[in-house]
Amino acid sequence: MIKKTLQDGRDQYEALLELRNTLTQKTGLSPTEIMFGRKTRSMIPSINTEQKVPNAKTTESRSTRKQSVKKCYDKRAKNLPPLGSGDSVYFEHKQGQHWKLGKVKERLSERAYIVKSQEGVPYRRNRSHMRPTSVNVQIRDVSPQRELLNFDNISETKTSVPTEAPNTAELQMNSDNLVSECEPIEKEQKRVNPITRPKRTTREPAYLKDYVL
């Protein structure tokens, strides 16, 4: 219906409005009447202002419809066995792509699980998107290694304090060498003229030649 409105160049919201005011075969009421108890105003003229409240028969027909849908679904559905923490599984990574190997980290509810991929990334998946396997999955630890400090060895270390007085003559010679090495080296600096846009030559007006500016 939406495609037809796009082809005809009509308003799709008006089409949805008329669709929601259309009576259904099971209940004899429109979706708008079931929800609001009346029809919404549309482009089709109507003088019927009587409110139709869903009665017991309408509710019963809707319940029967739900039971028939459930019966058809249960014919091909089955309860999957639960998975435990640490089980190796194949899980759906992205829709339409290949499944990935991983391990079950945690079970959140009856059907929700936290799966850890081989790269160590956690994912939340439904039980229907997981398949147990006998493959031994190795989870790589991507966190960087950290060295632990041993505070016992640090407390035992002692700082060495010099006992002899330093030679003043050697210090003076070293300081002179440092000053000579750190002297700035003068380099020739070439002046670079900035590149500007071309300009036209300006001349003073002829009638101003007798005046001093």
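Modeller: Let us begin with F91, which is buried, with a relative accessible area of 0%. Please bear in mind that the model is predicted.

Colleague: Why is F91 called buried?

Modeller: The term requires a relative accessible area under 20%. F91 has 0%, and therefore it counts as buried. Across the chain, buried residues make up 14% of the 213 residues.

Colleague: What makes F91 and Y123 an aromatic pair, and why is the pair called tilted?

Modeller: Ring centres must lie within 6.5 Å, and planes under 30 degrees apart would be stacked, those over 60 edge-to-face. Here the centres are 5.6 Å apart and the planes form an angle of 40°, so the rings pair and the arrangement is tilted. The pair joins distant parts of the chain, as F91 lies in strand β1 (residues 88–91) and Y123 in strand β4 (residues 122–126), 32 residues apart. A search of the whole structure finds one aromatic pair.

Colleague: How do you know that β1 and β5 pair?

Modeller: Pairing needs at least two bridges between the strands. β1 and β5 have three, in the antiparallel sense, so they qualify as paired. Y90 has R131 in β5 as its bridge partner.

Colleague: What makes β4 and β5 edge strands?

Modeller: The open sheet has five strands in the order β4-β3-β2-β1-β5, with antiparallel pairing. β4 and β5 (130–132) each pair on one side only, and these are the edge strands. Neighbouring strands of this sheet are turned by 45° against each other on average, direction ignored.

Notes:
Residues numbered from 1 in each chain as written. Predicted model: local features only at pLDDT ≥ 70, side-chain atom pairs only at ≥ 80, totals over all residues. Heavy atoms only, no water. Phe/Tyr/Trp six-rings, centres within 6.5 Å; stacked < 30°, edge-to-face > 60°. Helix = DSSP H or I, 4+ residues; strand = E, 2+ residues; numbered from the N terminus. Buried < 20%, exposed > 50% of the residue type's maximum accessible area, 1.4 Å probe, protein only. Axes fitted to C-alpha atoms, helices over the stretch in contact; angles between N-to-C directions.
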